[in-house]
Amino acid sequence: MIYSDLEALYQLPLFELIQRARSVHEENWPAAEVQLCTLLSIKTGGCSEDCSYCAQSARYKSGVDAERLMEKCDIMKRAEAARDSGSTRFCMGAAWRGVRSGTKRFDQVLDIINDVSELGMEVCVTLGEVGPEEAVALKEAGVTAYNHNVDTSPEYYPNVVTTHTFQDRLNTIRNVQDAGMAVCCGGILGLGEDTSDRLRMLEVVSEFNPQPESVPINSLMPMPGTPMAENKGVDVFELVRIIAIARISMPKAKVRLSAGRTNLSEEGQTLCFFAGANSIFYGDKLLTAKNPAVEKDLALIDKLGMSPQQPNRKQTPPDSDDTRPREPQTA
Ligand code: SAM
Ligand code: DTB
Ligand code: SF4
């Protein structure tokens, strides 16, 4: 959706915006389902990149130490526990700039994905940059969706990260799409960006062809020691507006209410669900940061009369019948 249309939505009175998002939601999704996704950091910390929100960058004294890639048997235990607690998607994250074919690390990751994908959950990974060859290998190993966020607008991106570019992010996303994998792509609110950056981010992501399979909307969790440690919190009504606009502009994407739920009230989260969010990270921990307790989330889901979504292992890209040309994918 182009910027001027997104901006017109943003200008609507909140109730009208939510009402529109709600009707798009109900045309495309069961009204009261929420997808439960469990995150696991399989390789934590020591990252070469300088993303200024991230506790895992080696450049900041955040208190997160660099660890080695987890052993497969430990990952399997965590994946089985996630499945047993009702998760239908298992997302593995690694603090790497990227992965390359032919390396021991990549072979280990493919082996892990192979085994995790046997458990019946959707499998998502976020490993940084990938080329065409790596993307094909990941798909063949059993990855359902690849997470790679654009995080903010192309214009604001250089204020957040200097070690790679916005275009680098787009290139990885293109490689993932060309390999036929579903893309999970969204961003973070609260990096010091303004509304126009948030809408530009949604413009870029909603103009992908095909549109992303899922769109995580993170609210910055300020991490001690990072340049964004003192950033001010995201206003809940701004978050609700962005979720509603994401829902309207990407009707068939799962909109994931992602990092930052520990700072949201139950009422705030409910408003986000009502405005079109239909997925959450579930489990007491995100990658390094806290997430609401499982019991609390289950109680909220129950109170709202919502139910967990079933897995969809064979993702069909939302816009697969779209005949628009696939190139270029510009910022
Ligand atoms: N290294 C990979 C990459 O950068 O794509 C994967 C891991 S990275 C931690 C995944 C995403 O988590 C980031 O793109 C960002 O949107 C989100 N994230 C990281 N730190 C965060 C924080 N402190 N608050 C909110 N979201 C955060
Ligand atoms: C995404 O958009 N959010 C998740 C997932 N994709 C990998 C990560 C959130 C990380 C929050 C900060 C932390 O745990 O360090
Ligand atoms: Fe590394 Fe990803 Fe964190 Fe950036 S967001 S520092 S690439 S782990």
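Student: What is the volume of the second largest pocket in this predicted model?

Tutor: The volume of the second largest pocket is about 220 Å³.

Student: Which residues line the second largest pocket, and what makes them lining residues?

Tutor: Arg68, Leu69, Met70, Glu71, Lys72, Lys104, Gln108, Asp111 and Ile112 line that pocket. A lining residue has an atom within 4 Å of a point of the pocket, so each of these residues counts as lining. Helix H4 (residues 104-116) supplies the largest share, 4 residues.

Student: How many residues of this lining are charged, and what makes a residue charged?

Tutor: The lining has 5 charged residues, along with 3 nonpolar and 1 polar. Asp, Glu, Lys and Arg count as charged, so Arg68, Glu71 and Asp111 are among the charged residues here.

Student: Where does ligand 1 sit, and why is it said to sit there?

Tutor: Ligand 1 sits in the largest cavity.

Student: Why is the pair formed by aspartate 151 and ligand 1 called a polar contact?

Tutor: A polar side-chain atom of aspartate 151 lies 2.6 Å from an oxygen atom of ligand 1. The limit for a pair of N or O atoms is 3.5 Å, so the pair qualifies. By the limit of 3.5 Å, asparagine 149 at 2.9 Å therefore also qualifies, and so does arginine 169 at 3.0 Å.

Student: How much of ligand 1 does the protein bury?

Tutor: Taken alone, ligand 1 exposes 560 Å², and the protein buries 90% of that area.

Terms used:
Residues are numbered from 1 along each chain as its sequence is written. Chains are lettered from A and ligands numbered from 1 in the order in which they are written. This is a predicted model: local features need pLDDT of at least 70, side-chain atom pairs count only at pLDDT 80 or more; totals for chains, interfaces and linings use all residues. Side-chain values use heavy atoms; hydrogens and water are left out. A polar contact is a pair of N or O atoms within 3.5 Å; within protein, one must be able to donate a hydrogen and the other to accept it, and residues adjacent in sequence count only if both atoms are side-chain atoms. Accessible areas come from the Shrake-Rupley method with a 1.4 Å probe; for residues, only the protein chains shown count as cover. On a 1 Å grid over the protein atoms alone, a cavity is a set of points where a 1.4 Å probe fits but cannot get out, and a pocket is an open set with protein on both sides within 12 Å along at least five of seven lines; lining residues have an atom within 4 Å of a point. A molecule sits in a cavity or pocket if more than half of its atoms lie within 2 Å of its grid points. Grid points are joined across faces, edges and corners, and a volume is the space filled by probe spheres set on the points. Helices (H or I, at least four residues) and strands (E, at least two) are DSSP runs, numbered from the N terminus.
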